Amino acid sequence: MPIGPLSNVSERQVIAVVAILAVAAGALLAPQVYSTVTDADGSVAVVEIDGTITTPMAQDVEEQLRDARTNDSIDAVVLEVESGGGLPAQSERMYAAVDRTAAEMPVIAAVDTLGASGAYLAIAPADEIYVAPSAQAVGSVGVAGTPPTPTGPDEGATGPDKNAADPAEQRERQQVLANLFIENVLEQRGDEIELDREGIAHADAYLGTEAVDNGFADEFGFVDDAIDDAAREAGLDTYEVETHRSESATGGLGIPLVETTDGDVVIAEEAGIGDETLNDALILAVAPQVWAETVGEDVEMWGYTGTDPAAVTNGGEAA
C-alpha cells in the first residue's frame, strides 16, 4: 500500500493534473509554434540588377519580372540595383519590364552605390527609388560613344552607306537615343525631379544625398527598408522574401562590357550581341565612371549629353 502525499490522490485526479500541466505548457509554447506554422500573407520578390547591362542581364531581369507578375504568391517587387548602365536597347527593355510590373504591383528600387545611366532608365518607372546617402552615382541621363571615323563603303557592299560611318549620321543617332532617354525619365519622374529638361540632359551623376535633394531619388534607405515598404504598400502584415541572384552578377563595375584587341575596342562576349566594334560608333548608356573603368583613358568618350544640337542655333534652349 503506497504511503506519502500521493497516497490519497486518485488516478482520475492524477490524469486531471497532467492535463492541466499540458495545457499550461501549450500556452507558454503557443507563440513560438504559431509563428512557425502560420502562413505568411504573401511574398516580396527581390530582383537583382547587378553589373553592366548586357543582353543576358536584360533577358534575366525581364523573365524574373514576368514571373513576378504571373505568380499569384508575389505581391510586390524590390529592385536591388548596383549598375552604372550598359547597352541602350537592353536598358530600355528592362525599363519596359519594370513599367509593366509597376502597373500591377508595388515596385521599389534600392541603390547602394550605382544606379546610373541605363540602370537609372531601367528603374525610373519604379514607384519609389531608395538610395544610400553615400551612393556614388545616381542619374547620369545620357548616352556616350566613340567619335566615328569616316570610311568609304567596301567594294563588295550592297549599298553606298554599307559599312560607312558618317559623323553627322552617328551624332544624329546618338541624339535620338539621348532624347528618348530623357523623355522616358521625364514621363516617369518629371513631377519629382526639380531640374528642367536641359538640366536633366546635362547628364550629371549625383551622390545619394544630392539625388534625394533634387528628386532623382525619393528617400534614403537600403534593400531591407525597400522590402518592408513594398510589403506595406501591398497590404502585407507578414511576408516572405524571395530573392533572385543573377549567376552572372559580379558588381557594378565588374563586367567588362568592352575590351581591347590588337588596338581595336570590341564588345566583350559577355554582352551577348556579337562582335561589334566601338570604332563604328556603337552607342552606350553608361555613366562616366563605368566608361573610365571598362573602356579606359585610351578611348575618347564622345558627346555624353542629351542636349539637342539644334539648341546651338535656337538660343541655347534644348528642343
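User: Hi, how many aromatic pairs does a search of the whole structure find?
Analyst: The search, run over the whole of this predicted model, finds two aromatic pairs. In one of them tyrosine 120 is paired with phenylalanine 216, and the arrangement is tilted, with 5.5 Å from centre to centre and 45° between the planes.

User: Why do you give both a distance and an angle?
Analyst: A pair of aromatic rings is described by the distance of the centres and the angle of the planes, so both values are needed.

User: OK, and where do tyrosine 120 and phenylalanine 216 sit in the chain?
Analyst: They link distant parts of the chain, 96 residues apart: tyrosine 120 belongs to helix 4 (residues 118-123), whereas phenylalanine 216 lies in the loop between helix 7 (208-214) and strand 9 (219-220).

User: Are tyrosine 120 and phenylalanine 216 buried or exposed?
Analyst: Both tyrosine 120 and phenylalanine 216 are buried.

User: And which residues make the other pair?
Analyst: That pair joins tyrosine 206 to phenylalanine 216, and it is also tilted, at 5.1 Å centre to centre with 40° between the planes. Tyrosine 206 is in strand 8 (residues 205-206), and 10 residues separate it from phenylalanine 216 in its loop. Tyrosine 206 is buried, as is phenylalanine 216, and together Tyr120, Tyr206 and Phe216 make up one aromatic cluster.

User: Switching topic: how many cavities of 30 Å³ or more does the structure hold?
Analyst: The structure holds one cavity of 30 Å³ or more, and the space in the largest cavity comes to about 80 Å³.

User: What lines the largest cavity?
Analyst: Its lining consists of Pro88, Glu92, Leu121, Val143, Leu177, Leu180, Phe181, Asn184 and Ala285, which divide into seven nonpolar residues, one polar and one charged. Helix 3 (88-102) and helix 5 (167-189) each supply at least two residues of this lining, and the largest share, four residues, comes from helix 5.

User: Now helix 8, which residues are buried there?
Analyst: Helix 8 covers residues 223-233, and within it Val223, Ala226, Ile227, Asp229, Ala230 and Ala231 are buried.

User: Why would residues a few places apart point the same way in a helix?
Analyst: An α-helix has 3.6 residues a turn, so residues three or four places apart point the same way.

User: And what covers the buried residues of helix 8?
Analyst: The cover includes strand 1 (42-50), strand 2 (74-83), strand 4 (107-116), strand 5 (128-131) and strand 10 (239-244).

Key: Residues numbered from 1 in each chain as written. Predicted model: local features only at pLDDT ≥ 70, side-chain atom pairs only at ≥ 80, totals over all residues. Heavy atoms only, no water. Buried < 20%, exposed > 50% of the residue type's maximum accessible area, 1.4 Å probe, protein only. Contact = heavy atoms within 4.5 Å. Phe/Tyr/Trp six-rings, centres within 6.5 Å; stacked < 30°, edge-to-face > 60°. 1 Å grid on protein atoms, 1.4 Å probe; cavity = no way out; pocket = protein on both sides within 12 Å on 5 of 7 lines; lining within 4 Å. Points joined across faces, edges and corners; volume = space filled by probe spheres on them. Nonpolar A, V, L, I, M, F, W, Y, C, P; charged D, E, K, R; others polar.
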